[in-house]
Amino acid sequence: MSTKIVIKKNTYFDSVSLMSISTKANQIEHVDQAIVAMATEMNKGVLRNLNLLTKELEEAKNGDLMIVIKGKDGADNDRILTEIEALFKKKSSGGSHFEARYATIESAKSQVAEANLAVISVNGAYAAREARKALEQDLHVMLFSDNVSIDDELALKQLAHRKGLLMMGPDCGTAIINNKALCFGNAVRQGSIGIIGASGTGSQEVSVRIHDFGGGVSQLIGTGGRDLSEKIGGIMMLDAMNVLDKDPNTQVIVLISKPPAESVELKVLANIKNCTKPVVVCFIGGCEQRVVKAGGHFAQTTKQAALKAVLLTGIKEEDIDLHSLNWPLIEEVRAKLKPEQKYIRGLFCGGTICDEVMYLAMEKYPNIYSNIQKDLNLRLKDLNHSIEHTFLDLGDDDFTNGKPHPMIDPSNRIERFLQEARDPEVGVIAMDFILGFGSHEDPVGVMLPAIYQAKKLAKEQQRHLEILGYVLGTDLDQPDMAKQIQQLEDAGVTISSSCTNTGLLSREFVAKGDAK
């Protein structure tokens with residue numbers, strides 16, 4: 001194998017673009033490994049771990065672009081480089097007919113006076129500085145970058161609050177503003193339901209379920225995952241509630257989050273009384289009594305949150321396909337599994353999808369392990385080995401340090417999937433496939449060879465392996481949702497209709513002698 005290194009001095013691209021380009025670069029014929037990244041210390045560390053860091057790369061500056069190509073035996077690395085460089089040109093030529101580039105936020109604002117929102121995706125070391133510049137230019141901010149200190153986040157959100165601006169993030173991956181999806185998002189019907197999410201995939205899930213049930217989304221405002229922490233105090237969620245309450249196009253408000261800090265949850269719930277519109281609250285693992293006492297509408301699951309919101313807009317329940325659990329299917333799967341096949345393994349790209357499926361399993365089983373378990377006794381000590389029922393958030397920092405997020409490059413879970421498929425005690429493997437803006441162009445296609453391989457292995461060992469797949473998307477998304485589902489069904493994968501049903505089905509499939 002040969003390696004080719006190219007350093008482009010003072011050539012900046014944002015991390016979202018580079019992750020996408022890097023994913024496509026690794027799909028080029030005869031590429032063993034390709035890394036396209038800015039020359040940050042973190043990215044150099046990744047190269048060091050891969051034994052690819054040279055003196056030339058070590059001396060590159062933060063503003064330099066690194067292209068490292070490790071070709072297979074006999075590969076023409078110069079040809080591969082040409083194809084990688086073409087990926088940048090394709091990106092530049094996409095979208096509008098005219099694309100202006102500005103060196104700073106200040107210059108962009110001076111040239112585009114009507115601009116009111118900045119989407120920031122830079123190295124975390126510089127993200128807070130750029131976000132502050134945007135706020136000082138009276139721009140709302142969506143801060144995609146992570147690795148921003150919580151003290152910087154607090155200062156930015158306090159500044160935004162004083163100026164009456166939205167400060168979405170840091171680590172905010174999903175928003176839909178005026179029917180335009182930003183970063184990760186789905187093509188959904190425009191409507192009268194406003195979503196405020198401290199969770200990216202949780203917000204996506206609620207938005208697609210609303211679309212599925214016949215409703216539409218007015219705005220989807222992301223807050224960043226730490227907004228409901230004790231330190232931040234829910235500043236963004238509270239401000240967003242007030243914004244949507246005044247929005248004439250919003251009729252119902254939905255709040256979605258992983259479990260918040262208790263004191264912050266109480267603060268957010270107390271704000272419901274200030275809202276003139278109904279508020280549906282879906283805090284995974286939350287308390288119904290608290291929500292109802294505060295005047296809100298409690299939802300235990302994302303599916304329930306979407307349904308309640310849609311009903312509050314006036315759509316009739318009898319006009320909705322609720323996708324009830326298929327109990328004959330459950331009995332059929334139970335009959336196929338051997339007695340020793342008693343465990344679920346969840347391999348998820350979406351953090352809140354993992355959380356919700358895990359919480360539904362926890363209602364039935366005590367031995368639920370995960371890299372995101374709140375109970376430290378059930379937190380996986382060795383991330384490389386599952387224990388009993390195990391649910392992995394593969395988008396968590398545990399798995400993405402120096403690697404693309406699995407929504408951009410889902411190939412990262414292939415090896416783990418095959419490992420779980422070989423375990424004779426595993427009855428069900430549950431996975432999500434996330435469609436939409438920013439996501440992988442064919443998330444199902446990436447997994448299909450491994451799925452066929454796992455099914456073949458299980459058949460040779462005379463056991464059934466139940467693979468449960470959930471495709472998060474709408475009929476308006478690309479790639480085509482129906483085609484993605486058909487590919488899974490052709491491979492023998494059972495399809496779930498929602499995140500909630502994924503949790504309910506997976507836990508019931510392995511419940512022996514426990515029929516409804």
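Which element supplies the largest share of the lining of the second largest pocket? I note before answering that this is a predicted model. I looked it up: H9 does, with 5 residues.

**Pocket.** I then went through the rest of this pocket. The second largest pocket has a volume of about 480 Å³. It is lined by 21 residues, and the closest to its centre are His140, Leu166, Ile177, Ile221 and Val243. I checked which elements contribute. Helix H7 (150–163), strand E8 (180–183), strand E10 (217–222) and helix H9 (235–246) each give at least two lining residues. I sorted the lining by class and got 10 nonpolar, 7 polar and 4 charged residues.

**Cavity.** I found 1 cavity of 30 Å³ or more. The largest cavity holds about 30 Å³. Its lining consists of Cys349, Pro406, Met407, Pro410, Arg413, Asp432, Phe433, Ile434 and Pro443. Strand E17 (residues 426–434) provides the largest share of that lining, 3 residues. By class I have 7 nonpolar and 2 charged residues there, and no polar ones.

**Helix H14.** Last, I turned to residues 351–362, which form helix H14. I get 16 Å from the first C-alpha to the last over its 12 residues, close to the 16 Å expected at 1.5 Å a residue. Is H14 mostly covered or mostly open? Mostly covered: 10 of the 12 residues are buried. I listed the buried residues as Gly351, Thr352, Ile353, Cys354, Asp355, Glu356, Val357, Met358, Leu360 and Ala361.

Conventions: Residues numbered from 1 in each chain as written. Predicted model: local features only at pLDDT ≥ 70, side-chain atom pairs only at ≥ 80, totals over all residues. Heavy atoms only, no water. Helix = DSSP H or I, 4+ residues; strand = E, 2+ residues; numbered from the N terminus. Expected span 1.5 Å × (residues − 1). Buried < 20%, exposed > 50% of the residue type's maximum accessible area, 1.4 Å probe, protein only. 1 Å grid on protein atoms, 1.4 Å probe; cavity = no way out; pocket = protein on both sides within 12 Å on 5 of 7 lines; lining within 4 Å. Points joined across faces, edges and corners; volume = space filled by probe spheres on them. Nonpolar A, V, L, I, M, F, W, Y, C, P; charged D, E, K, R; others polar.
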